[in-house]
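Morning, everyone. Let me put the model on the screen and walk you through it.

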Amino acid sequence: MSDTELTQLSRRDLPLAGDASARFLPWLIAFMVFLAALALVGADALRQTAARWNGGLSGQITVQLPPLVREDAPTAASRAEQAAALLRDLPAVRSVETLERAEAAALLEPWLGAAANDAALPLPTLITVRHSGDPAPLAAEMRQRLQNEFPDAEVDDHQAWIGGLLNLTRGLEILALFLLLLVGAAAVVTVVFVTRTGLAVHRPVIELLHLMGARDVQIAGRFQTHALWLGLKGGLLGLAVAALCYGALQWAVSPTTLALLPAFEIGPVLLVLLALLPLLAAGIAWLTARVTVLRTLGRMP
Amino acid sequence: MVRFEDVTLRYGQGPEILTGLSLHLEPGSFHCLVGPSGAGKSSLLKLLYLGQKPSAGRISLFGRDVSRLSRDGRARLRRQIGVVFQEFRLISHLSVFDNVALPLRLAGERESSLRTKVEELLSWVGLADHLRAAPETLSGGQQQRVAIARALVGRPNLLVADEPTGSVDDRIGQRLMHLFQELHRNGTTIVLATHNLAMVERLGHPVLRLEDGQIAGQPGEEREGLGPLSPGSRGHWPA
């Protein structure tokens, strides 16, 4: 009988399913996959937010003209046009656009609600300058241009705060990926523990099988198949709970609150990664059980 | 078939259980291993069925140096060895049938041919009516017969038995010895460890006498009767 014809041990030969430690493994794996899914979604949300901030504000400088006392709309528009004219002919400036009052009010609506549309509310005039140059010297030049006519004007090239936010989101992204690694390591340790417990519980039978001529891979095969199924079961459960939580969050949070949060959607890449999580958990369980059993059997004569 | 060259065995840092043991068993031979408790019989059997590695020396089985074999190679060799353990070592969650079928299943034998072999063998040892029974529901003698059937089912080239008739009555004991004789006639090499000197005498095969971890009576030096082999006793070695 050649070795390739050797069969795997059956569930009947080594009944691992009844082990107390094995009963907890799917729940532990489910918890880990749940955490991993949250970490993945969190990391992607941060990545999307950072990309949106970066993409939305890079190449833009915002000029803010504080409102005058009892300033009416035509006066505000006239002052805005005057300031825009001063900026338009600067080198590297591609376009200058004044934000309508209604648009500025819409930006405040998530915080102020309907009060943001109150005509009596003094709102600054916002001018968006799109450029193709280095933002810092251009902003300095714009301040100089506006200094005489609009001494209160604020020129913001967004670099100070967006740089800090981008660093923060990147840091959080790395943290989320580190959490993923930790979850993976915890899964490995858990499977090692469960497998070793199984080996200890079934040691007399394993020794007997070994003495009867069972190859190490035959015995390991039984453990790794068992771990694979437990890992897959736990992984699917964890992913299902994560999906439920995500759905519940979408359903529970009001549209006004959602407007305060950066927009986020699960793209196809993230979807594939999430779908792979249970398979990854099963794969980790399979490989860990195999290595653990083979190393333990390696100590037998 | 079996060759031990200057084999020493100790467990961990403990004392030597077997010391400088050398022996050669011809293919198809039948040897009885006798000796008082603690002489090292079980340890010698462990080395024979590859349940233990020697601390020193060389063991060859079926013409192959065991120390040079890969793990898979040793597993292949073990499948040619049938072992009857003193404490039976039946698997409690498997039925009598599945216990006996296990060596064949490990070797990848088909269920159809396996079924016939197992049922025939269990019928032969008088357990045809207990195929689906759990081992723990059987008497000690019945369990021992299951253990023997399991050791024989793979038609081993080497059969190692540790007190195989210890828990069975005389009738079954004689039947088992008859089966061992038959296997021997068919070319199976047999090493049988026992305290039962009357049985050893009845069998009339060469005797390996183990004392203090050393062979006191080598194959080929066997004597008439059991006098020199059993000082002070003609029945059983003192336990």
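Start with strand 1 of chain B, residues 2-10. Strand 1 of chain B is joined to strand 2 of chain B by 6 bridges, and the two run antiparallel. Strands here are DSSP E runs of at least two residues, helices are H or I runs of at least four, and both are numbered from the N terminus. Two strands count as paired if DSSP finds at least two bridges between them.

Now the helix. Helix 1 of chain B, residues 41-48, packs on the sheet and touches strand 1, strand 2 and strand 4 (56-61) of chain B. The direction of helix 1 makes about 125° with that of strand 1 of chain B. Contact means C-beta atoms, placed from the backbone, within 7 Å. Axes are lines fitted to C-alpha atoms, for helices over the stretch in contact, with angles from 0 to 180 degrees between N-to-C directions.

Zoom out to the whole sheet. It is open, has 4 strands in the order 2-1-4-5 (chain B), and pairs antiparallel. Strand 2 (16-25) and strand 5 (64-65) of chain B are the edges; each has a single partner strand, so one side of each has no neighbour in the sheet.

A word on provenance. This is a predicted model: local features need pLDDT of at least 70, side-chain atom pairs need pLDDT 80 or more, and totals for chains, interfaces and linings use all residues. Residues are numbered from 1 along each chain as its sequence is written, and chains are lettered from A and ligands numbered from 1 in the order written.

Now chain A. Chain A has 9 helices and 4 strands. From the N terminus, the order is α-β-α-β-α-β-α-β-α-α-α-α-α.

An automatic or database assignment sets the domain bounds. Domain 1 of chain A covers 3-54 + 162-297, and domain 2 covers 67-152. Their centres, over C-alpha atoms, are 52 Å apart.

What does the C-alpha trace of chain A span along its principal axes? About 95 × 40 × 25 Å.

Last, the annotation. An unreviewed UniProt entry marks "transmembrane region" at residues 24-43, 174-194, 229-249 and 269-289 of chain A. Positions are in the numbering used here, feature names are shortened, and annotations may be inferred rather than shown by experiment. Residues 24-43 of chain A are 100% helix, with end C-alpha atoms 29 Å apart. Residues 229-249 of chain A are also 100% helix, with 30 Å between the end C-alpha atoms.

Conventions. Contact = placed C-beta atoms within 7 Å.
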